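Colleague: I have a new structure open on my screen and would like to understand it from the inside out. Could you walk me through it?

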Amino acid sequence: MEYVVRGLLSGAVYGLLALPMSLLFLTTGTIDFAVGSYALIAAAIAVTVGGGAGLAAGMGAALLAAALMALIFWLLKRRGNEDPITIALASFGLAVAIASLVLWTWGTKAFVLPSFSTFWDLGGIRVSPQGFINLGLSLAMVGALYFVLYRSDLGRMMRAAAVNPRGAELAGIAVTRVQCGAFMAGGAVAGLAGLLIVFSSGLDYTIPLPLTLAGFGAAIILGIKSPLRGFAGGAAMGIVEAVSAGYASSIVASLVPSLFVLAVLSMQFFFQKRFAGDRP
Amino acid sequence: MMRLVRERPNTCIAVVLAVTGVAAVQDHPVGMDNAVLIGVQALIALSVGLSYGQAGILSMAQAVLAAIGGYLSAIVALRWGVSPYLALLPAIALPTVLAWGLARFVTPLDHLAAALATLALSTVIEIAARNWDSVTGGYVGLTGVPTLPGVRTPGAFAAVVWFAVCVAIYLYENLMRSAHGRALNTIRHDRARATADGVDAPALLSAGFAMSAGFAGLAGWLYVHYITYMSPSSLDTQASISVLLMAVVGGVGYVLGPVIGTVLLSLLMQLLPAQEVQGLFFGGALIVILLVARDGILGYMDRTTRAWRAARGSRP
């Protein structure tokens with residue numbers, strides 16, 4: 001039971017990271033591998049500046065990095081290069097560049113800020129209030145995203161841009177602008193996730209790739225089509241990770257995100273109807 | 001002879017360049033060391049060219065597949081004193097089989113899903129190598145791996161590595177000139193058309209990816225017997241990604257593209273002020289290349305020469 005609660009609290013961050021993944025996949029049909037590095041740059045700037053201003057500066061840095069990715073996406077698209085895999089590759093380049101920038105400037109030190117020293121006693125389980133802040137903020141983000149996607153004009157535009165870009169363009173929707181907005185929103189959410197991780201477990205320059213993989217695992221486990229499911233997937237992954245860390249070992253726990261991805265992809269293999277790349 | 005030049009131009013170019021390059025660095029200790037390491041990277045980059053450029057699997061596991069070959073050869077040499085030459089075949093075969101198994105699962109899927117699956121596999125193998133202390137030596141790694149018997153100087157080793165690169169290029173070019181290679185090209189442009197032509201697309205793509213893993217295994221084998229040391233961080237996911245970026249910069253769709261990209265970027269890297277800036281340099285180079293010339297350096301050259309020829313031909 002203790003592990004389940006802990007897993008739920010740590011899984012909230014994975015759920016949060018799953019949001020930009022599913023949002024971006026919904027609107028642009030591609031993956032942004034740089035999501036983990038937005039979290040890293042937000043954490044690095046926040047720790048360096050410090051205090052409340054640091055948090056704002058961290059969010060600003062994440063947004064700036066995401067804006068850079070949106071700019072690259074826009075330039076690629078303008079040059080008639082809309083292959084999702086090319087965009088994913090470019091985001092890889094950006095992720096590597098950001099991680100290297102952080103390593104160059106700050107070295108290999110870990111970014112961590114102290115949070116609460118008191119612990120809440122929850123039916124015999126000691127948990128840090130930070131966990132509840134993580135969970136609360138993540139749930140709020142999911143709620144906000146759900147509202148925007150399914151209850152507002154902007155959300156309708158985003159979904160239209162995803163389903164049929166050409167048709168949406170003809171209907172007067174600025175598809176490229178909506179897609180760039182999705183990249184920026186992804187940067188904001190990932191930056192927030194980075195700040196939450198700074199206060200809970202800390203992170204260093206090696207984190208972007210594992211974080212991206214964890215976020216993606218959370219996003220696809222229950223279907224990438226909905227951000228709500230992505231959050232549930234993140235929570236499930238956190239619980240499995242905590243339980244396996246408790247009963248098996250930390251090695252198994254560190255394998256969990258990758259195994260999730262492999263398991264889901266092989267399930268797709270068994271249940272799919274037609275091959276990718278076929279004409280409909 | 002002329003027939004060989006006409007039908008296998010890339011191999012001939014590679015052989016000439018490799019011979020001059022290796023001859024030029026003899027007697028320069030730093031140059032020989034660089035020649036070996038760049039050769040190993042070029043071999044991994046070549047495997048990226050085959051898996052991503054031809055089979056369309058954006059693989060982030062190539063360096064880790066190379067590490068498997070390296071670990072296998074190091075382990076049998078250290079435990080049972082098996083000659084490295086005997087371990088060569090298994091060191092190529094194990095990554096090949098593993099990659100084939102993975103590819104059978106991922107080739108029917110979307111390209112993005114395939115890329116993620118290779119990333120996940122790479123992470124799993126890396127964690128396994130870190131924690132399986134009794135076999136891989138854990139974080140510390142394996143030390144005291146024997147060098148190749150009969151290859152005494154770094155200069156000779158550079159020659160061996162670049163010979164391996166040339167053999168790989170020859171095999172690669174052979175494949176692309178065969179019916180299988182043309183089928184791979186067709187799949188890349190239109191999978192439905194290839195299937196209608198009677199090509200078993202998943203099987204062929206898997207075979208292509210398996211062959212690329214074989215190249216990677218060969219690279220890992222050369223690497224471990226040169227460095228005589230193997231640890232989880234020597235060939236990790238980060239290394240896969242930098243090789244991938246170098247291959248794309250060179251031109252991943254062309255046989256020689258990945259090799260040229262690796263050699264150019266590795267040489268330019270020597271000018272960088274610090275090791276840490278590497279990623280910034282790679283990432284920046286990749287983004288610039290994708291924006292300016294999406295087919296890489298060779299693609300850009302190909303297009304400009306064609307445009308130039310067309311302009312000259314159309315003149316009265």
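Predicted model: local features only at pLDDT ≥ 70, side-chain atom pairs only at ≥ 80, totals over all residues.

Colleague: Let's start with chain A: in what pattern do its helices and strands follow each other along the sequence?

Modeller: Chain A has eleven helices and two strands. Of its 280 residues, 51% count as buried. Read along the sequence, the order is α-α-α-α-β-β-α-α-α-α-α-α-α.

Colleague: What volume does the largest cavity have?

Modeller: Searching the whole structure turns up two cavities of 30 Å³ or more. The largest cavity is lined by residues of chain B, including Ala55(B), Ile57(B), Val106(B), Asp110(B), His111(B) and Arg191(B). The space in this largest cavity comes to about 50 Å³.

Colleague: And how does the lining of that largest cavity divide by class?

Modeller: Leu109(B), Ala114(B) and Leu205(B) are among the lining residues, and so are Gly56(B) and Thr107(B). By class, the lining has six nonpolar, three polar and two charged residues.

Colleague: Which helix gives the most to the lining of the second largest cavity?

Modeller: The second largest cavity has a volume of about 50 Å³, and its lining comes from chain A, with Pro20(A), Met21(A), Asp32(A), Tyr38(A) and Phe183(A) among the residues. Three helices of chain A each supply at least two lining residues: α1 (2-28), α2 (35-49) and α8 (175-200). With four residues, the one that gives the most is α8(A).

Colleague: How many nonpolar, polar and charged residues does the lining of the second largest cavity have?

Modeller: Leu24(A), Val35(A) and Ala182(A) belong to this lining, as do Gly186(A) and Gly187(A). By class, the lining has seven nonpolar, two polar and one charged residues.

Colleague: Now to the charges. Which residue forms a salt bridge with Arg156(A)?

Modeller: Over all chains, the search finds four salt bridges. For Arg156(A), the closest N and O atoms of the pair are 2.8 Å apart. Both residues sit in helix α6 (residues 153-163) of chain A, and because they are three residues apart, about one helical turn separates them. The partner, which counts as exposed at 53% relative accessibility, is Asp153(A).

Colleague: Chain B has a salt bridge between Glu126(B) and Arg130(B). Does Glu126(B) count as buried or exposed?

Modeller: The two side chains meet at 3.4 Å, N to O. They lie in helix α6 (residues 111-131) of chain B, four residues apart, so about one helical turn separates them. Arg130(B) is partly exposed at 21% relative accessibility. The cut-off for buried is under 20%, and at 13% relative accessibility Glu126(B) counts as buried.

Colleague: What is the distance between the closest N and O atoms in the salt bridge of Arg193(B) and Asp197(B)?

Modeller: Arg193(B) counts as partly exposed, at 46% relative accessibility. Asp197(B) is partly exposed too, with 47%. The closest N and O atoms of this salt bridge are 3.1 Å apart.

Colleague: Which residues make the nonpolar surface patch of about 440 Å²?

Modeller: One member, Met2(B), lies in helix α1 (residues 2-7) of chain B. Because its relative accessibility is 60%, Met2(B) counts as exposed. The patch is made by Met1(B), Met2(B), Leu4(B) and Val5(B).

Colleague: How far apart in space are Asn174(B) and Thr11(B)?

Modeller: Asn174(B) belongs to helix α8 (residues 154-177) of chain B, and at 25% relative accessibility this asparagine is partly exposed. In sequence, Asn174(B) and Thr11(B) are 163 residues apart. In space, C-alpha to C-alpha, they are separated by 9.5 Å.

Colleague: Last one: what phi does Thr228(B) have?

Modeller: Thr228(B) sits in the loop between α11 (201-227) and β2 (229-230) of chain B. With 24% relative accessibility, Thr228(B) counts as partly exposed. Although Thr228(B) is not a glycine, its phi is positive, at about 60°.

Notes: Residues numbered from 1 in each chain as written. Chains lettered and ligands numbered in written order. Heavy atoms only, no water. 1 Å grid on protein atoms, 1.4 Å probe; cavity = no way out; pocket = protein on both sides within 12 Å on 5 of 7 lines; lining within 4 Å. Points joined across faces, edges and corners; volume = space filled by probe spheres on them. Nonpolar A, V, L, I, M, F, W, Y, C, P; charged D, E, K, R; others polar. Buried < 20%, exposed > 50% of the residue type's maximum accessible area, 1.4 Å probe, protein only. Patch = residues over 30% accessible without salt bridge, like charges linked within 9 Å, V, L, I, M, F, W, Y side chains within 5 Å. Areas by Shrake-Rupley, 256 points an atom, 1.4 Å probe, with all protein chains shown as cover.
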